[in-house]
Amino acid sequence: MSAQTITCIGCPMGCRLRVLIAGGQVASVDGAGCGRGAVYARQECVCPTRMVTSLVRVQGRHAPLSVKTARPVPKEKIFACLQSIRAARVTPPVRIGDVIVADVCGTGVDVVATMACTEGDS
Amino acid sequence: MTDIDIVIIGGGPAGLAAAVAAREAGCDRLLLFERDEVLGGILPQCIHTGFGLHVFQEELTGPEYAQRFIDRVHALEIPVQCGTTVLDVTRDRVVTAVSPMCGLRQFRAKAIVLAMGCRERTRGALMIPGWRPAGVYTAGLAQRWVNREGWMPGRRVVILGSGDIGLIMARRMMFEGAKVLACVELMPYSSGLTRNVVQCLDDYDIPLMLSHTVTDIHGRERVEGVTVAQVDAQRMPVPGTEQRFDCDTLLLSVGLIPENELSKAAGVELAEATAGPVVDESLQTSVSGIFACGNVLHVHDLVDEVTRESAQAGRAAAAFARSAAGLPPPALRVRDGAGVRGVVPQAICAERVAEDVSLMFRPTAVFKDATAAVKIDRVEVARQRFRILTPGEMVKLTLPKGLFARFKGACELTVEVTE
């Protein structure tokens with residue numbers, strides 16, 4: 001049994017949630033002002049995930065290209081994902097949604113472009 | 001001088017949405033001016049997610065959100081001139097614009113949509129003592145350098161102000177390998193979204209120092225450090241609480257100011273509370289045929305809300321350009337009641353309300369278990385309960401257009417918040 005205190009992000013109240021975890025499961029959530037707190041704590045304390053957004057270098061250009069993970073990835077893999085994204089290079093043309101890094105860090109999630117760049121741009 | 005139906009000034013989310021809506025309302029001759037080389041305004045540098053939940057029911061990044069509207073503008077064949085600065089707007093709606101491609105030109109417009117957005121408050125507005133070394137930047141400028149131009153402004157960073165751009169930049173600088181030492185906030189609460197405090201600061205153990213401020217900046221050529229002190233209830237530094245952070249960069253996220261130089265040139269009346277134009281329910285300013293929307297009107301939290309508001313301005317401008325009829329002046333004045341600041345619109349013409357009316361405002365402080373109430377000539381017409389209201393989140397109350405038929409000839413509408 002372990003305890004954790006987190007801040008609910010459901011609304012500006014920012015309730016402090018005291019969460020008891022037993023056997024990898026949330027046993028109890030204390031301090032939530034509404035139902036959203038328990039739902040958030042179940043996700044956040046068992047398997048926290050985040051969308052990761054960053055930049056990749058474009059061959060021959062100074063301006064970078066923005067990218068995102070197509071879905072949220074486990075929170076503990078954020079920095080590993082950032083490293084793979086940093087190592088990637090792209091060559092124009094790129095369209096929004098093009099896969100830049102497939103299955104990033106074995107998460108099963110692709111990193112995709114959120115910006116287009118055409119061969120003519122500089 | 002070229003005659004035209006609508007000129008839209010600004011190609012950010014506000015101008016794009018206004019242009020699309022005006023075209024869809026049947027306006028043939030419109031023209032959009034953008035100062036930057038690309039469309040999208042601030043969005044192309046906001047590479048994080050969180051845009052579009054209301055408009056598209058999905059969570060997009062800034063560049064993706066912008067591209068949806070840019071594609072729409074192109075599909076509707078709306079003429080756009082980037083790299084073009086509008087120098088002047090007059091009361092009789094003559095717009096003077098200059099660009100390297102076309103030189104100086106003048107347009108006589110039937111209607112104008114002001115969509116110039118806002119600027120960041122800078123160090124000068126805060127009057128922090130110290131030399132003027134390199135390394136003190138607004139958070140949005142740093143965001144542009146990092147995300148669009150590929151430059152890192154520094155390696156050890158302190159952030160002053162906990163607005164959303166500052167919080168987002170704390171995470172972004174860290175993702176790019178910088179060390180973020182602290183986020184310092186003058187007020188006893190963050191002005192950013194809880195979600196951003198948790199996901200940009202707490203996730204990476206970046207301390208949020210509430211009721212603190214920067215009292216000195218060290219370094220002559222380059223920032224070498226800052227002094228941070230606690231502040232008392234009057235927001236004055238408490239002697240003896242100073243601590244020094246060694247850093248090479250100070251980012252400022254200390255507020256946004258609507259950019260209304262052109263509005264002033266046109267003689268548009270500005271509101272003290274919002275620093276934007278005074279508008280009626282159709283988003284028309286005090287100058288007939290000139291409309292305003294987005295962050296030039298009042299600083300928003302969500303781009304989705306800018307899009308909604310600006311589409312309304314676009315439709316209203318198209319209707320004005322079509323009829324060119326003088327409208328009756330709005331008689332119903334909107335007032336900020338207790339606990340409320342900066343209600344937009346500031347006036348309503350009950351006789352001609354064409355769409356549901358959204359009243360948008362910020363509470364003056366944090367209110368828990370609050371009630372927002374709307375009264376017209378002291379008759380309560382709407383009431384809504386909120387678990388919490390904070391100055392960091394704009395509040396919107398929507399009144400059905402049918403309501404106003406009952407209040408023709410009314411004088412005053414008041415919005416107030418009580419705990």
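User: Which residues of helix 5 of chain B meet helix 6 of chain B?

Analyst: From helix 5 there are B:Asp164, B:Leu167, B:Ile168, B:Ala170 and B:Arg171, and from helix 6 of chain B there are B:Asn196, B:Val197, B:Cys200 and B:Leu201. Two residues are in contact if their C-beta atoms, placed from the backbone, lie within 7 Å. Helices (H or I, at least four residues) and strands (E, at least two) are DSSP runs, numbered from the N terminus. This is a predicted model, in which local features need pLDDT of at least 70 and side-chain atom pairs count only at pLDDT 80 or more, while totals for chains, interfaces and linings use all residues. Residues are numbered from 1 along each chain as its sequence is written, and chains are lettered from A and ligands numbered from 1 in the order in which they are written.

User: What makes helix 5 of chain B roughly parallel to helix 6 of chain B?

Analyst: The axes of helix 5 (residues 164-175) and helix 6 (residues 194-201) of chain B cross at roughly 20° and come within 8 Å. Angles under 35 degrees count as roughly parallel, over 145 as roughly antiparallel, 65 to 115 as roughly perpendicular and the rest as oblique, so this pair of helices in chain B is roughly parallel. The axes are lines fitted to C-alpha atoms, for helices over the stretch in contact, with angles from 0 to 180 degrees between N-to-C directions.

User: Why is B:Ala317 called buried?

Analyst: B:Ala317 has 33 C-beta neighbours inside 10 Å. A residue is buried if 20 or more other C-beta atoms lie within 10 Å of its own, exposed if 12 or fewer, and partly exposed in between, with C-beta atoms placed from the backbone. That count therefore makes B:Ala317 buried. B:Ala317 sits in helix 8 (residues 303-323) of chain B, and its contacts beyond four places in sequence include B:Ala18 and B:Ala22.

User: How do you know that helix 1 of chain B is largely enclosed by the rest of the structure?

Analyst: Of its 12 residues, 11 are buried, so helix 1 of chain B is largely enclosed. Among the buried ones are B:Ala18 and B:Ala22. The cover over the buried residues includes strand 1 (2-9), helix 2 (62-75) and helix 8 of chain B.

User: What span should helix 1 of chain B have at 1.5 Å a residue?

Analyst: The expected span of a helix is 1.5 Å times one less than its number of residues. For the 12 residues of helix 1 (residues 13-24) of chain B this gives 16 Å, and the end C-alpha atoms are 16 Å apart, so the two agree.

User: Is B:Glu419 buried or exposed, and why?

Analyst: B:Glu419 has 11 C-beta neighbours inside 10 Å, so it counts as exposed. It lies in the segment after strand 27 (412-418) of chain B.

User: And why are A:Cys105 and B:Met127 labelled as they are?

Analyst: A:Cys105 has 20 other C-beta atoms within 10 Å, so A:Cys105 is buried. B:Met127 has 6 other C-beta atoms within 10 Å, so B:Met127 is exposed. Phi is positive in A:Cys105, near 50°, and in B:Met127, near 55°. Most residues other than glycine have a negative phi, and most peptide bonds are trans.

User: Where is a cis peptide bond found in chain B?

Analyst: One joins B:Val344 and B:Pro345, with omega about 0°. B:Pro345 is in the loop between strand 21 (340-344) and strand 22 (347-348) of chain B.
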